[in-house]
Amino acid sequence: MKIFQTWFAFGPWIFLVWLCFVCPGVCGSEPANTPPPPSQLPAQIEHLAPDTSPVAVPEPDAKALSHYHSGMTLVGVFILWNLLILMLFLFTGFSARTRSWAERWGRRWYATFVLYCIGFGLVYYLASLPLNFYAGFIQPHSYDLSNQTFNRWLGNYVKNAVVMIGLGLVVGWFPFFMIKQSPRRWWLYLGLLAAPFLCVMEFIQPVVIDPLFHRFQPLQDQALETKILAEAARGGIESGRVYEVNMSADTKTLNAYVTGFMGTKRIVLWDTTLKSLKEDELLFILGHEMGHYVLGHLIKLIVFNSVLIILLWYVVYRLAGRVIERFHMRFGFSSLSDFAALPLLALLILIVSLAGLPIPMAFSRHIEHEADRFGLELTHNNHAAATAFVKLQQNSLGISRPGILVKIWLFDHPSVGERIDFCNRYRPWETGQPSRYDQYIRPQPQAIPAGQTR
Ligand SMILES: [Zn+2]
């Protein structure tokens with residue numbers, strides 16, 4: 001789900017955090033608790049018909065391991081690089097000088113913010129260009145994971161900078177306004193506004209922001225669409241929308257996701273996924289996405305993350321006063337409501353978010369697991385689900401079993417190994433046990449015995 005993008009897209013400064021976690025290759029490996037190969041699985045499972053047989057968790061090859069180590073190094077470098085840039089902005093007095101320049105030319109409060117925000121954004125994106133070029137272009141090409149041309153990469157980078165600076169101009173002034181109006185309670189008011197803000201961002205993401213980068217269109221395969229709509233109807237979704245997007249212009253990896261809010265809600269399939277997965281594998285992936293729909297995961301994520309954002313702002317509020325008191329001479333400002341304090345807000349948000357990241361990640365892994373359960377209960381096709389995960393991992397050079405710290409901090413989905421293990425063992429319908437989401441799912445139509453007509 002894309003909610004984490006929205007959360008971290010609270011403005012250009014929070015985007016710094018988001019950047020740290022979207023760089024490619026954040027999978028990990030430490031094959032602890034490797035399950036037995038299929039031949040050693042209990043006879044009860046082993047004797048099943050071929051299309052319901054268990055699937056082995058693939059071991060990462062040397063290329064996947066190298067990709068993992070490269071990705072981990074990049075995450076570390078991204079974090080350190082962002083910390084360094086923000087500290088340089090503050091401790092060299094560059095931020096205060098930029099604000100003074102903006103005041104001279106802007107004169108009025110909002111005009112000053114606009115000039116400061118543009119100046120800060122341009123310097124930040126220029127300074128980050130080399131690292132982003134390596135992480136977003138060189139590294140994926142060196143692992144043969146990308147088809148993207150340099151011009152397209154650069155175009156997307158510039159568009160992204162314009163969108164994020166534009167978003168900063170629209171909403172970024174508001175925290176400073178609140179800090180000025182209510183120096184002791186601003187963190188609470190901003191936190192309470194997080195939920196409506198996230199809803200608006202989620203509403204506009206698929207119809208305003210995403211189309212700037214990719215071409216979306218209704219699913220072209222009519223026969224597949226008919227089967228998807230029948231599956232959606234069984235899952236209680238009567239008017240679901242499924243789109244395909246031309247991600248093959250940028251990547252060879254696979255994905256699908258739910259995005260949007262209320263009238264803009266939809267399921268999106270990458271065209272790479274459509275080309276690489278078989279029909280029953282696609283139907284499971286869509287069943288997983290339908291689970292997000294039916295189980296109300298989006299609203300649960302918004303409520304959960306909004307509470308975290310209140311806590312985040314509170315910790316930032318408590319820390320900011322002390323830091324300014326100690327370093328105000330070096331910084332060139334003495335109040336958090338000064339626009340020059342923007343890098344300080346960004347720095348504190350980055351540090352506090354990193355420290356607290358295991359909490360939203362754990363919640364996300366939980367709802368992704370429940371969406372897997374829903375997909376299995378809807379399709380009863382465990383084998384296809386597991387082979388879909390194998391392909392997702394292999395096409396993305398992923399790692400099936402990450403190290404525990406990597407998983408806790410960086411994985412918003414269960415590892416592929418855990419997902420395949422779950423597909424292999426979760427079959428309550430075969431033993432007459434109740435399924436958890438029975439109340440949402442209409443029974444599968446019974447197969448018609450040969451020679452009979454309905
Ligand atoms: Zn999901």
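Me: Do helix 4 and helix 6 run roughly parallel or antiparallel to each other?
Reply: Roughly antiparallel (an angle over 145 degrees). This is a predicted model, where local features need pLDDT of at least 70 and side-chain atom pairs 80 or more, while totals for chains, interfaces and linings use all residues. Residues are numbered from 1 along each chain as its sequence is written.

Me: At what angle do the axes of helix 4 and helix 6 cross?
Reply: Roughly 175 degrees, and the axes come within 11 Å. Helices here are DSSP runs (H or I) of at least four residues; helix 4 covers residues 62-91, and helix 6 covers 109-142.

Me: Which residues in helix 4 meet helix 6?
Reply: Ser-70, Leu-74, Val-77, Phe-78, Trp-81 and Ile-85. On the helix 6 side you'll find Tyr-124, Ala-127, Leu-131, Ala-135 and Gln-139. Contact means C-beta atoms, placed from the backbone, within 7 Å. The residues of this contact split into 9 nonpolar, 2 polar and no charged.

Me: New topic: what's the phi of Asp-144?
Reply: It's positive, about 55 degrees, although Asp-144 isn't a glycine. Most residues other than glycine have a negative phi. Asp-144 sits in the loop between helix 6 and helix 7 (150-171).

Me: Is Asp-144 buried or exposed?
Reply: Asp-144 counts as exposed (12 or fewer other C-beta atoms within 10 Å), because it has 10 such neighbours.

Me: And what about the phi of His-380?
Reply: Near 55 degrees, again a positive value in a residue other than glycine. His-380 lies in the loop between helix 16 (358-379) and helix 17 (382-395).

How values were computed:
Helices (H or I, at least four residues) and strands (E, at least two) are DSSP runs, numbered from the N terminus. A residue is buried if 20 or more other C-beta atoms lie within 10 Å of its own, exposed if 12 or fewer, and partly exposed in between; C-beta atoms are placed from the backbone. Axes are lines fitted to C-alpha atoms, for helices over the stretch in contact, and angles run from 0 to 180 degrees between N-to-C directions. Angles under 35 degrees count as roughly parallel, over 145 as roughly antiparallel, 65 to 115 as roughly perpendicular and the rest as oblique. Two residues are in contact if their C-beta atoms, placed from the backbone, lie within 7 Å. Ala, Val, Leu, Ile, Met, Phe, Trp, Tyr, Cys and Pro count as nonpolar, Asp, Glu, Lys and Arg as charged, and the others, Gly among them, as polar.
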